[in-house]
Amino acid sequence: MKKLLALGLCISMIFPTISFAQTVVHNTSPDGVIKGKVVSLNGEPLKGVLINEKHTTISHLTKENGEFQFMPSNRYASIVFSAKDYKKKEFDLDEDMSKVVLWPKIDDKRKTNLVFSIVNETIETDNQPDNIPEFASNMGYGFTLGRTFYFKHRNPKPIIRFGIMADFIDATYSIYECEDIYFSKVSKSTVTNITGGLSAGPAITILPGRLFNLQLYGKFAPRYSLLTFDEEEAKMAFTAFSTGYCAGANISIGHVGIGAELTSHSYSYSTSDEIYPTEQKPLYDRMGVSDGSANITGMRAYLILKF
């Protein structure tokens with residue numbers, strides 16, 4: 001009986017050892033020490049990576065060449081690798097840790113853009129007579145809410161980042177005026193333009209410092225507009241859909257910056273029958289604002305908040 005108990009005790013002591021040895025077979029030396037190396041995505045050794053046994057205070061650091069070795073405290077330990085600017089990585093002891101690759105943790109702060117702008121544009125209709133000047137805006141105002149979606153980057157602190165800038169809300173309010181001399185009579189005309197739309201396009205962000213950044217972009221920007229035309233002899237309203245483009249740049253320090261962009265849009269518009277009486281059609285044809293198309297070009301200067 002004593003022999004059987006002794007045999008059972010020996011077996012119970014041997015099997016955990018075998019099981020533990022099988023658990024770490026990928027990473028251990030014959031004495032049970034786990035060995036490996038931590039590198040970046042580019043294959044560069046990472047020094048000073050913290051290696052921690054989860055739920056314990058036991059920790060180790062990688063050497064200058066990224067190598068490490070340690071003896072786990074128990075066979076159920078989970079090993080966590082962590083380093084500044086890199087994502088954490090966790091392993092069970094039955095997983096291969098001979099080469100641990102850490103992914104960079106990209107700083108995704110300040111991707112949302114809130115923009116308040118001053119707009120200066122001119123309108124020229126396709127059928128506008130030569131003796132009638134362009135409609136020039138006195139001053140317009142704009143509001144934009146958007147976001148920059150950056151592509152993944154292997155470098156945790158990239159100098160240049162590429163992405164897509166998208167605006168979910170792009171609204172402007174502008175008033176345009178011109179004076180028309182018709183049969184020796186000076187006639188003043190005013191156009192009010194309220195627009196709303198979306199825009200998206202490629203963006204390049206240059207990050208020479210932690211807070212300072214320069215952003216260059218170009219966007220496709222379709223719009224839908226409601227315009228009202230107010231002339232001494234008549235009034236009317238019409239809707240317009242435009243396809244256009246804009247290109248610009250902004251400089252920011254921290255969360256605040258300034259910028260400017262050039263815009264160009266081609267409109268197709270139709271008048272409102274309720275506000276466009278048939279008997280006044282000759283006047284609108286003369287002014288070049290009946291059903292047709294127009295081009296609006298100009299620029300924006302803006303204040304941008306990034307968060």
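**Cavities, cores and ring contacts**

A search of the whole structure finds 3 cavities of 30 Å³ or more. A cavity is a set of points on a 1 Å grid over the protein atoms alone where a 1.4 Å probe fits but cannot get out. Its volume is the space filled by probe spheres set on the points. The model is predicted: local features need pLDDT of at least 70, side-chain atom pairs count only at pLDDT 80 or more, and totals for chains, interfaces and linings use all residues. Residues are numbered from 1 along each chain as its sequence is written, and side-chain values use heavy atoms, without hydrogens and water.

The largest cavity holds about 130 Å³ of space. It is lined by 14 residues, and Val115, Asp167, Tyr217, Lys219 and Glu261 are the closest to its centre. Lining residues have an atom within 4 Å of a point. By class, 5 are nonpolar, 4 polar and 5 charged. Strands β8 (112-125), β10 (160-182), β12 (212-220) and β16 (292-306) each supply at least two lining residues. Strands are DSSP runs (E, at least two residues), numbered from the N terminus.

The largest nonpolar core has 17 residues. Such a core is a set of buried Ala, Val, Leu, Ile, Met, Phe, Trp, Tyr and Cys residues joined through side-chain atoms within 4.5 Å. Buried means under 20% relative accessible area, exposed over 50%, and partly exposed in between (1.4 Å probe, protein chains only). Val38, Phe68, Ile79, Phe81, Met97 and Leu102 have the most contacts inside this core. Two or more residues come from each of β1 (34-40), β4 (67-70), β5 (78-82) and β7 (99-102). A second, separate core has 13 residues, including Ile123, Phe135, Val191 and Phe229. In soluble globular proteins, nonpolar side chains tend to be buried together.

The count of aromatic pairs comes to 5. Rings of Phe, Tyr and Trp (its six-membered ring) pair if their centres lie within 6.5 Å; planes under 30 degrees apart count as stacked, over 60 as edge-to-face and the rest as tilted. Phe220 and Tyr245 form a tilted pair, 5.5 Å centre to centre, with 55° between the planes. Phe220 lies in β12 and Tyr245 in β14 (residues 234-253), 25 residues apart. Phe220 is partly exposed at 39% relative accessible area, and Tyr245 is exposed at 56%. Ring pairs also link Phe68, Phe70, Phe81 and Phe91 into a cluster.

Most residues other than glycine have a negative phi. Histidine 55 has a positive phi, near 70°. This histidine 55 lies in the loop between β2 (50-53) and β3 (59-61).

Key
1 Å grid on protein atoms, 1.4 Å probe; cavity = no way out; pocket = protein on both sides within 12 Å on 5 of 7 lines; lining within 4 Å. Helix = DSSP H or I, 4+ residues; strand = E, 2+ residues; numbered from the N terminus. Nonpolar A, V, L, I, M, F, W, Y, C, P; charged D, E, K, R; others polar.
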